[in-house]
Amino acid sequence: MARLTRVRRAIALATRHRVGGLYEGVHSSLHAGRSMEFNDLREYVRGDDVAEIDWKASARSGGSLLVKRHVAERRTTVMVAVATGRSLAGMASPTETKLDVAIQVAGAFGSLATQHGDYVGLIWCDGHDIRAARPSTRDVELERMLGHIEAASTADRPEGDLGRLLEVTATTLRRRGIVVLVCDDVDIDADLESRLRRLVVQHEVMVITLADLDPTDPAIADSPVVGLDDQRELLKELRRDPRLREAIEADRTERAARRTTALSRLAISSLHLSGTDGLVPAVLSLVRSHRHAR
Amino acid sequence: MALTQPWYGLAVLVVLAAVGIAAWFWPGRRRSAAGALPLAGAARIRALPRFAELAKAQLRWLVIESCCLAVAGAGVALLAARPVSASTVSEERSNRDIVLCLDVSGSMSQVDRAVINSFTDLAANLDGERIGFVLFDASAVTIFPLTDDAAYIQQHLRETAEALGGSQLAGTRVGDLGSSLIGDGLASCLQRFDRTDAQRSRTVVLATDNQVGGTPLFSVEQAAARAVKGGVLVFGIVPSDNSVIATDDLTAHLRPTGGDVMLLGPEPDLSSITRAVEAQQRAVMTGRARSQSVPLVWPGAALALLGLAGASLSHRRRVAS
């Protein structure tokens, strides 16, 4: 549970003073009414989660198993779709890989959801396949999902296929839910936009993009930087050039602007992360602003 | 320039080339060094125009640096091959003694200056020999003994030419035996060779018209016989307008010494004299040539230093850019 513990600790630190708000955070917007009666029970049928059984009420009722119906119905699914693959093995900052950030952000969403009693599912790219983990409310499963992300993001893996990931996500999650897409610092092209549009119709969609390391960062001027895609070094001599730094910065800014435009056209909340520092507050404020936006 | 150890040079070249190839194909060279930061968006950065520009400049300097290193390697290989500047030092040159013998009798006064001029040119063309200069009429006067001081020779030949203007030269008319005693003059000249060891080649260049005007102690024939005995070559230089009988007579006497007689026209053909002397001498001293080799360090050192300097310059330029 090491990964999840780390995420939980970060959440605890970030939310020490606003625990009350945390639990409304994830999906209160889905459910306008919060005053459902608590004693709305119904008989257990096969397929209901065992955890939902109101044991005391069942004992009182004498024989039949009763489940808390309103809770069961209120539960939503947070589907974390992570474009795992080779590129996550790259660095996001001089000290953290993008995988660290991806795990942290997936863990944060999953943790927030499970703490609220929601289902958390994972869809990820495993080599050339897209795989999905069944949504669950249990921490053990969440931890396992984080393990899947880590295992599928080594440098020897192929690049994740974002288009297919979105396609599979749309077909996998049938009920209305929340889709958190974690992907690279991508440009949103027409194909990707149409796929996202389809998802948006069906679900709440949030996009988390992971920044790449800036190779011209003076802090890493002396350490070698190797491209993951071609295994060739980016020479230090070239990385020192200030004009290259400007060009990279301009390229990044332009891409971010294009992406923001495309995503705001689709009414998708997005977040660009370049490290785990301040990740949880950023996630919380994303969730909150997303709620306000609806 | 010759290479004394071409195989060493070749070996160095081969080793350097092998090291270069090994370094190029070294398996770890392209792989990332330990602790390298992996970067996912490298292709995007490589696609930037500024990156392409930088990479191009980098490549250019790298090529220059490699070329300079290759030049330096060639220089080192050249040094290892130990080049020498081989020159054939002809030992006979410093072993040549030439006595220039000039008849200053009245009959020769017309051509003396031309003869001295030709002697001057002869002395200038032959270097390393010892040259002596003797004037004779009734008696012989040594202007300078055998010497290899070229400046001294030139100076005295010039002074003698100036002194020849009409008046008699001191010491050439001693005694009452007559004038223009060719045999005595030649015999005197033969006496001027101070070393009589077999290692040296001895030549007399005798300029005369062979017009004897008195009773010499030695006839030309006797003097020539002494020359043959002493192993001296005697060349005759005769004015071109000289009487044929006198010239033929001189030629007949000088041929046995191994020498010959040349005509000196108003436009003296100096090269024929020089050539004749040199050819004769070479024939005499054949087999004495010795090759001398001086280590030639500077071309290799210069190549190596130049290459290294260029390589370090371009390296600094490359790293700094």
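The model is predicted, so local features need pLDDT of at least 70 and side-chain atom pairs count only at pLDDT 80 or more, while totals for chains, interfaces and linings use all residues. Residues are numbered from 1 along each chain as its sequence is written, chains are lettered from A and ligands numbered from 1 in the order in which they are written, and side-chain values use heavy atoms, with hydrogens and water left out.

Chain B contains 12 helices and 12 strands. Both kinds of element are DSSP runs, numbered from the N terminus: helices are H or I runs of at least four residues, and strands are E runs of at least two. Chain B has 321 residues, of which 42% count as buried. Buried means under 20% relative accessible area, exposed means over 50%, and partly exposed lies in between (1.4 Å probe, protein chains only). Contacts, meaning heavy atoms within 4.5 Å, were also sorted by sequence separation. Among those in chain B between residues at least 6 apart in sequence, 82% join residues at least 24 apart.

Side chains of opposite charge can pair when their charged atoms come close. A salt bridge is defined here as a side-chain nitrogen of Lys or Arg within 4 Å of a carboxyl oxygen of Asp or Glu. Over all chains, the structure holds 29 salt bridges. One of them joins the side chains of A:E150 and A:R3, with an N to O distance of 2.9 Å. A:E150 lies in helix α6 (residues 139-151) of chain A and A:R3 in helix α1 (residues 2-14) of chain A, so this pair ties together parts that are 147 residues apart in sequence. A:E150 is partly exposed, at 34% relative accessibility. A:R3 is also partly exposed, at 21%.

A second salt bridge is formed by the side chains of A:R265 and A:E193, at 3.1 Å from N to O. This pair, too, links distant parts of the chain. A:R265 belongs to helix α10 (residues 242-265) of chain A and A:E193 to helix α8 (residues 190-202) of chain A, and the two residues are 72 residues apart. A:R265 is exposed, with 53% relative accessibility. A:E193, in contrast, is buried, with a relative accessible area of 11%.

Helix α10 of chain A also holds a local pair. A:D251 and A:R255 form a salt bridge, and their closest N and O atoms are 3.1 Å apart. Both residues lie in this helix, 4 residues apart, about one turn of the helix. A:R255 is buried, at 5% relative accessibility.

Salt bridges also reach across the chains. A network of them links A:K98, A:D184, A:D212 and B:R44. Between chain B and chain A, the count is 4 salt bridges. The side chains of B:E53 and A:R243 meet in a salt bridge at 3.9 Å, N to O.

At the interface, 25 residues of chain B are in contact with 34 residues of chain A. The two chains bury about 2600 Å² between them, and 61% of this area is on carbon and sulfur atoms. Buried area is the accessible area (1.4 Å probe) that two parts lose on being put together, summed over both. The rule finds 11 residue pairs in polar contact across this interface, both residues being at pLDDT 80 or more. A polar contact is a pair of N or O atoms within 3.5 Å; within protein, one must be able to donate a hydrogen and the other to accept it, and residues adjacent in sequence count only if both atoms are side-chain atoms.

On the side of chain B that touches chain A, at least two residues each come from β2 (37-39), α3 (42-46), α4 (49-80) and α12 (298-320) of chain B. α4(B) gives the most, with 6 residues. By class, this side has 14 nonpolar, 5 polar and 6 charged residues. Ala, Val, Leu, Ile, Met, Phe, Trp, Tyr, Cys and Pro count as nonpolar, Asp, Glu, Lys and Arg as charged, and the others, Gly among them, as polar.

Strands pair across the chains as well. Two strands pair if DSSP finds at least two bridges between them. Strand β8 (residues 225-227) of chain A and β2(B) pair in the parallel sense over 3 bridges. Here A:G227 has B:L39 as its bridge partner. β8(A) is also joined to β9(A) by 2 bridges, and these strands run antiparallel. The open sheet has 3 strands in the order β9(A)-β8(A)-β2(B), with mixed pairing. Its edge strands are β9 (233-234) of chain A and β2 of chain B, each pairing on one side only.
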